[in-house]
Amino acid sequence: MSRDRVVFDDRLCLLAEVDIFADLTEAELMAIAQAAPMRTYASGEMLFTPHERVEALFMLRRGRVRTFRVSAEGRALTTAIITPGTIFGEMVLLGQQMYDNYAEALDEAVVCVMSRDDVHRFLLSDPRIATRITTILGTRLAAMEQRLSEAVFKTVPQRVAATLIALSAEPARKPGLLAFGSRPIGLTHEQLAALVGTSRETVTKALGDLADRGVIKLHRGRVTILDHLRLADEA
């Protein structure tokens, strides 16, 4: 099998896992796959910034991406943590003002990218997909408002716990549900500090306290949650 065919099949697998494409036929998925080439971003690389506007739909195949805003005081406020199988960047396409947002790869990220014209041609013209995108936008906006509220009203240890809970969530077998895995979360103290919106030293202290109480276990560049219920209480 040629390399091009392997890459194309990989794109088909990704699209089949995205909720908004749940009941599409193979032919419909193939048409979308042809319009959505793959790109790889290194850890720390920006997918888009307010200074480099990208009006495209991203579909994450592998890795994690965080979207964030920067306040007038220079403080970064994380608005979402994107996991595989998730679409993002779509708010710009639907006319919502997302020009002040950044998107950064937390680790090596592989995405399928669809242009503005192809989004309108293949997605927004299909009532099934357009309705699901609208639902996702509403859910994303509510989650963003919650994260921004947490940045104001929660303490740093609470935000650290809430972020670890969010990062440990993974799709369950039933659509729309989440399960909480026991696999280590690949994240440095510096990366977690950026997600939480505080200093590395403050995050290290909060993690050390959780580890001392047996809630988590720390490894080099990784965190394992030992007690999800206690961590949820901390959040």
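Two strands count as paired if DSSP finds at least two bridges between them. The model is a predicted one. In it, four strands make an open sheet, ordered β1-β8-β3-β6, and their pairing is antiparallel. β1 (38-41) and β6 (87-88) are the edge strands. Each has a single partner strand, so one side of each lacks a neighbour in the sheet.

Strand β3, residues 56-62, pairs with β6 over two bridges, in the antiparallel sense. M59 has I87 in β6 as its bridge partner. Helix α4, residues 116-124, packs on the sheet. This helix touches β3 and β8 (109-115), and its direction makes about 75 degrees with that of β8.

Now turn to a helix pair. The axes of α6 and α7 (residues 189-196) come within 10 Å and cross at roughly 105 degrees. Angles of 65 to 115 degrees count as roughly perpendicular, so α6 is roughly perpendicular to α7. From α6, the contact draws on V156, R159, V160, T163, L164 and L167. They meet L192, L195 and V196 of α7. By class, seven of the contact residues are nonpolar, one is polar and one is charged.

Is R159 buried or exposed? Its relative accessibility is 10%, and buried means under 20%, so R159 counts as buried. The R159 side chain reaches the backbone oxygen of K154 at 3.0 Å. R159 is also among the α6 residues that meet α7.

Technical notes
Residues are numbered from 1 along each chain as its sequence is written. This is a predicted model: local features need pLDDT of at least 70, side-chain atom pairs count only at pLDDT 80 or more; totals for chains, interfaces and linings use all residues. Side-chain values use heavy atoms; hydrogens and water are left out. Buried means under 20% relative accessible area, exposed over 50%, partly exposed in between (1.4 Å probe, protein chains only). A polar contact is a pair of N or O atoms within 3.5 Å; within protein, one must be able to donate a hydrogen and the other to accept it, and residues adjacent in sequence count only if both atoms are side-chain atoms. Contact means heavy atoms within 4.5 Å. Axes are lines fitted to C-alpha atoms, for helices over the stretch in contact, and angles run from 0 to 180 degrees between N-to-C directions. Angles under 35 degrees count as roughly parallel, over 145 as roughly antiparallel, 65 to 115 as roughly perpendicular and the rest as oblique. Ala, Val, Leu, Ile, Met, Phe, Trp, Tyr, Cys and Pro count as nonpolar, Asp, Glu, Lys and Arg as charged, and the others, Gly among them, as polar.
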